[in-house]
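User: I have a chain to study and would like to go through it step by step. Could you help me read it?

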Amino acid sequence: MQSNEASSSMEVETVSSEPKLLPPKPEFAPLKPHEMSDGQVQFRKVSVPPHRYTPLKKAWMDIYTPVYEQMKIDIRMNLKARKVELKTRRDTPDISNLQKCADFVHAFMLGFDVIDAIALLRLDELYVESFEVKDVKTLRGDHLSRAIGRLSGKGGKTKFAIENATKTRVVIADSKIHILGSFANIKIARDSLCSLILGSPAGKVYSKLRAVTARLAERF
């Protein structure tokens, strides 16, 4: 008797089998650069070294056209401060375009051709790495001159061989070396250049490069 009363007093919740309909997922349009920064204009300034002033004048339209028309970034040359100034516009599609353009202009200032540097605008996985001969080995006078000579080779032969084998671009400006390429390729080129600085003959570096590039070709 008591059990019947207890069972009757218990309330059983019935779960409805119908699934609950969730509200539709909101779709927001991507924020524009001027909206991300509360309407403030983003700036970048790239200094122009004295020896790149004349090449910049000659190649100005080649630099200006892709930056202004394709990346939608305003660019101007400040003659008084000797800096290239970049800023976002209201119609700039992506905020990262500003940094890409700054990297592109900076690569040109380091000594890369416009044709090579423009790849920084097109591809995301490209970097510029710089180091000096003295970072690898402390050399002075004629020893330093010979090391730089070994890096470029007769008529630039060694430099071109390293560039073609590693799919990079190398600029040797006095004792500074700049490499433009992907992360893995920069490492291979840098190892080859460091071997030459340390005194390895070019033939030995070539054979090592052939082995490394063959291994890379197998991997990909």
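Predicted model: local features only at pLDDT ≥ 70, side-chain atom pairs only at ≥ 80, totals over all residues.

User: How many helices and strands does the chain have?

Analyst: The chain has 12 helices and 6 strands. These are DSSP runs numbered from the N terminus, where helices are H or I with at least four residues and strands are E with at least two.

User: What share of the residues is buried?

Analyst: Of the 220 residues, 33% count as buried. Buried means under 20% relative accessible area, exposed means over 50%, and partly exposed lies in between (1.4 Å probe, protein chains only).

User: In what order do the strands of the open sheet come?

Analyst: The open sheet has 3 strands in the order 1-3-2, and the pairing is antiparallel. Strand 1 (43-47) and strand 2 (73-78) stand at the edges with a single partner strand each, so one side of each has no neighbour in the sheet. From one strand to the next, the twist averages 20 degrees. Two strands pair if DSSP finds at least two bridges between them; strand 2 and strand 3 (residues 83-88) are joined by 6 bridges. Within this pair, arginine 76 stands opposite glutamate 85 in strand 3.

User: Which strands does helix 5 lie across?

Analyst: Helix 5 (residues 96-110) lies across strand 1, strand 2 and strand 3, at about 5 degrees to strand 1. Helix 4 (residues 60-70) lies across strand 2 and strand 3, at about 150 degrees to strand 2. For such angles, axes are lines fitted to C-alpha atoms, for helices over the stretch in contact, and values run from 0 to 180 degrees between N-to-C directions.

User: Now to another topic. Is histidine 178 buried or exposed?

Analyst: Histidine 178 counts as buried because its relative accessibility is 7%. This residue lies in strand 6 (residues 176-181). Its side chain makes a polar contact of 2.7 Å with the side chain of serine 130. A polar contact is a pair of N or O atoms within 3.5 Å; within protein, one must be able to donate a hydrogen and the other to accept it, and residues adjacent in sequence count only if both atoms are side-chain atoms.

User: And what about arginine 169, where does that residue lie?

Analyst: Arginine 169 lies in strand 5 (residues 169-173). With 31% relative accessibility, arginine 169 counts as partly exposed. Its side chain and that of aspartate 116 are joined by a polar contact of 3.4 Å. Leaving aside neighbours within four places in sequence, arginine 169 has contacts (heavy atoms within 4.5 Å) that include Phe112, Glu163 and His178.

User: How many bridges join strand 5 to strand 6?

Analyst: There are 5 bridges between strand 5 and strand 6, which run antiparallel. One of the pairs is alanine 173 with its bridge partner lysine 176 in strand 6. The hairpin of these strands has 2 residues between the strands, and aspartate 174 takes a positive phi near 60 degrees there.

User: Lastly, at what angle do helix 10 and helix 12 pack?

Analyst: Helix 10 (residues 157-166) and helix 12 (residues 202-219) pack at about 10 degrees, with axes 10 Å apart. The angle makes helix 10 roughly parallel to helix 12. Angles under 35 degrees count as roughly parallel, over 145 as roughly antiparallel, 65 to 115 as roughly perpendicular and the rest as oblique. Residues making the contact include Ala161 and Ile162 of helix 10 and Tyr206 and Leu209 of helix 12.

How values were computed:
Residues numbered from 1 in each chain as written. Heavy atoms only, no water.
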